[in-house]
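Welcome! Take a moment to look over the structure below, and then let us walk through some of its features together.

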Amino acid sequence: MFESTSIANDNVPNGHDGAPNQPQISAAGQTILRHRAMTERPSMTLSSQSGDDSYAPVWQDLTQESPPAKRQNRKTGFAIVTLLWLCAITANVWAIMTGPAPALHIMLATTAIMTSLGIVYFAARHNRRGLQEIGALSAVLGFALSLYVMSMRFGLYVSPLSGAGLTAAAALGIGALGHSVIALRLSAIFSIVWAALSFGLFDLTALGLSSASAQTFLWGFPALWSLQVFCAHYLRDGAALTLSVFAGYFWLIGMAYAALDTNILSALHVTTSLFLIGALHARLGKVMQDVAAPFGLSQTNWGWLAMMTGLLGVQDFWLSPLRAPWLGLPQTSAAQTLWAIGAGLVIVAILAAELRRVKTRPQSLTRALSVTLLCALVMALAVQTSALAGALQIMGLNPMPNIGLILGAVVTALSIAMILNGFRRRSAFMVLLGLAGLIAEIVIILDPIMQSVDHAVLYGAASFVFALFAALFAGADNEETASL
Amino acid sequence: MSAYPVSALKMIGLGLALLSLPVLTLGQAAYRQSAGAPLRLDANAQLTGRNALVPVISVTTPIHSLDLTDLSGDDYFAAGAPAFVFLKNGGGDIWYPFAALNRRPLQFTPDPDTLMIRGKVAAQNETVLTLSYDFDRLSPPAELERQMRVRYDSPLQIGLAVMPDGRAQITDIYLSGARFDQRIIPNVALRGGSKMAASKAPPT
């Protein structure tokens, strides 16, 4: 069996046995090539090179170069599908304007879906990128139209909530299988609409937010979102990824607001959650940058924004805990335990990302553990708020606002580091993010440091120390990178 | 872009999946409308969601709110759980509830005078049980919407088709005696038959 394969492998175009320019293939590589040659669906055909003196069959790739008859068939198919697609669009415009029989109307809508998918397929085959995207767009619109016709013409009520969710899922399918970035972006936009309707932001809850749709939303949105992120990364589309990230944070904030509104979680826990998730997002973005994955920097920046927003919230709690929305911790012990488990898992994920960076960056183990420890400390401030405050008071230290001032120093150091990093990388967005963090910090910290010189001294000294730490870490990393 | 080409097989599968939603939904509704036992109930209907893309009617019938002291069956219902309401024909189009159960009976065969409708418990306030049904909301045809806006206080009835498992689907809406067909597949045979019968009836 292998004998015949080796003969086939000898038929290299213009090649001879033992040719000096042939690439060296390991034994394992040869085994894999033999296995693939015998088991995989042949996408190539054996043909002979005309004009050669000796018999020298070559592997001809069908995907690259098709026989003229086949190419002609494809062109004819493309032309027919394009014609059908144009007819379907015209017929749907006519149907919307005139309102024919319901059965005819739904048939026209579904025809638009099928012909649009045909356009996506043929346009992709013919490398017509623009037409492929238009086809995908019309497929998504056709699906939304079919839902509309079901509601309007058949009386089967499809709520805007369900409609948005279903269209988001359909657009995701079209984007993923049809390799369309427009459909993927539409999927993310419809997800945001779905989330907005579910949270009742547009005051449309009376239009169909039943407990069943709420339950579907609870599990459906994360599932859809994770697929969107995967597909956006797979299709290398930054806009779709950014929209998906926005949708994800929108969902998180909405869920957090719902938990806050129903007294399941306190405001401190919500802001700490935002900090931890933002930190995880930023660290994963760093890992993506290390392995040269696309959009790693933008993910780091968005994660940094979420992390700093959460950290500013936590800081504000420790500066003035008797002010709204921090007043009281209205949560059950079960909710607190569940939150602690969830937050602990995020910390573990941050640790995993940091340990991965020990290999990919490479960074020191000390730095990996330090970053994780800092995040764990912020989590501990939310889990054991009363115990920590009590312990510090026994030690003669006033936890409020001292912890708030120290957290403010962390925010300041991180913002300055972000600004400097932005200048180094020549990224205006990073500089803006750093400036925004610094300005927000000044707004929050100004009142406490004006109250007492001690506060100003503590904040200034802590900022200096944390800035030094940041510089030390950066310097150590640069040395490690340079030594490689 | 991706290294993998768009697959014809996957696109066909996607197309079938996208088609399956309207086809299966309409098919299921059409089957229920044709196979279910007919039932007509008085109703209050309100046009809601005027700002939405499609107009929506919110339907309330006497069986949406039941006093358990008047009914046999169970006394305690959990919110969100299914409930089964049994109706008896009192002659003509008059149907009244006589029992409510919190689980589906093992042996129940609907007959022309007895029906079971499946609902969902919205709330129970002591002895008053509030339920929701599959037919709570519908999108009215344009003419019905217009008529409802004009005759908002006129008597209204809904025609339902009730399946043996208790699931119900709206088939008709009667507003001031005028019938508005809500069937997926219009009942043309019945309409044609009545016309033929009318034309062949002896003059009075």
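How many residues does the largest nonpolar core have, and which have the most contacts inside it?

## About the model

This is a predicted model, in which local features need pLDDT of at least 70 and side-chain atom pairs count only at pLDDT 80 or more, while totals for chains, interfaces and linings use all residues. Residues are numbered from 1 along each chain as its sequence is written, chains are lettered from A, and side-chain values use heavy atoms, leaving out hydrogens and water.

## The cores

The largest nonpolar core has 38 residues, and Phe275(A), Leu276(A), Leu311(A), Trp318(A), Cys375(A) and Leu407(A) have the most contacts inside it. Such a core is a set of buried Ala, Val, Leu, Ile, Met, Phe, Trp, Tyr and Cys residues joined through side-chain atoms within 4.5 Å, where buried means under 20% relative accessible area (1.4 Å probe, protein chains only). Helix 11 of chain A gives the most to this core, with 8 residues. Apart from it lies another core, of 36 residues, among them Ala45(B), Phe77(B), Ile117(B) and Val121(B).

Trp318(A) touches residues including Leu381(A), Pro399(A), Ile403(A) and Leu407(A), not counting those up to four places away in sequence; touching here means heavy atoms within 4.5 Å.

## Strands in chain B

Strand 1 (residues 37–48) of chain B runs antiparallel to strand 10 (residues 156–162) of chain B, joined by 7 bridges. Ala37(B) has Val162(B) as its bridge partner in strand 10 of chain B. Strand 1 of chain B also pairs with strand 2 (residues 56–60) of chain B in the antiparallel sense, over 5 bridges. There, Gln46(B) stands opposite Ser58(B). Strands (E, at least two residues) and helices (H or I, at least four) are DSSP runs, and two strands pair if DSSP finds at least two bridges between them.

Notes: Buried means under 20% relative accessible area, exposed over 50%, partly exposed in between (1.4 Å probe, protein chains only).
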